[in-house]
Amino acid sequence: MAHRMTVPALFPPPDYAHTAIVETDRRLAFLAGSVPLDADGTLVGPGDLVAQTEQVLANLETALRAIDCGLSDVVATTVYVAATEPADLSRVWEVVREGGLALGPHTSTLLGVTCLGYTGQLVEITAVAEVP
């Protein structure tokens with residue numbers, strides 16, 4: 001089981017851990033970036049950060065279920081947002097928190113970037129999970 005910790009000597013993070021340690025006898029899954037495409041490859045929520053984040057989380061859950069994991073098994077994420085305003089990043093983070101990825105809590109990095117891989121894509125999340 002992963003041991004997650006918020007370091008008391010550091011500024012308290014908003015719903016994520018500073019560290020996560022997984023013993024070497026456990027298996028880790030490194031997931032490719034989850035993107036806001038539906039099963040047919042159509043972009044969900046063009047121009048809508050919230051709708052895209054919800055689809056990204058749904059796709060991440062689907063990928064995790066395929067390896068017998070859930071959001072609570074995630075130990076690390078990187079959240080990419082094609083935005084320049086901190087308020088937009090905060091809106092995405094709220095959806096991530098409400099979507100269950102803040103369970104644990106896991107370690108996370110939230111980044112604003114200039115563009116992502118698909119036309120119109122605004123959000124992508126990569127993850128590392130501990131496989132039970």
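Histidine 106 counts as buried, at 0% relative accessibility (buried means under 20% relative accessible area, exposed over 50%, and partly exposed in between, with a 1.4 Å probe and protein chains only). Keep in mind that this is a predicted model, where local features need pLDDT of at least 70 and side-chain atom pairs count only at pLDDT 80 or more, while totals for chains, interfaces and linings use all residues. Residues are numbered from 1 along each chain as its sequence is written, and side-chain values use heavy atoms, with hydrogens and water left out.

So what does histidine 106 touch? Leaving aside residues up to four places away in sequence, its contacts (heavy atoms within 4.5 Å) are Arg4, Tyr16, Ala17, Val74, Val75, Ala76, Thr77, Trp93 and Leu101. With threonine 77, there is a side-chain to side-chain polar contact of 2.9 Å (a pair of N or O atoms within 3.5 Å; within protein, one must be able to donate a hydrogen and the other to accept it, and residues adjacent in sequence count only if both atoms are side-chain atoms). The histidine 106 side chain also reaches the backbone oxygen of leucine 101, at 2.5 Å.

Now for aspartate 68. It isn't a glycine, yet it has a positive phi of about 60°. Aspartate 68 is exposed, with a relative accessible area of 65%.

Last, the cysteines. Cysteine 69 is buried at 7% relative accessible area, whereas cysteine 115 is exposed at 56%. Searching the whole structure turns up zero disulfides (pairs of cysteine sulfur atoms within 2.5 Å).
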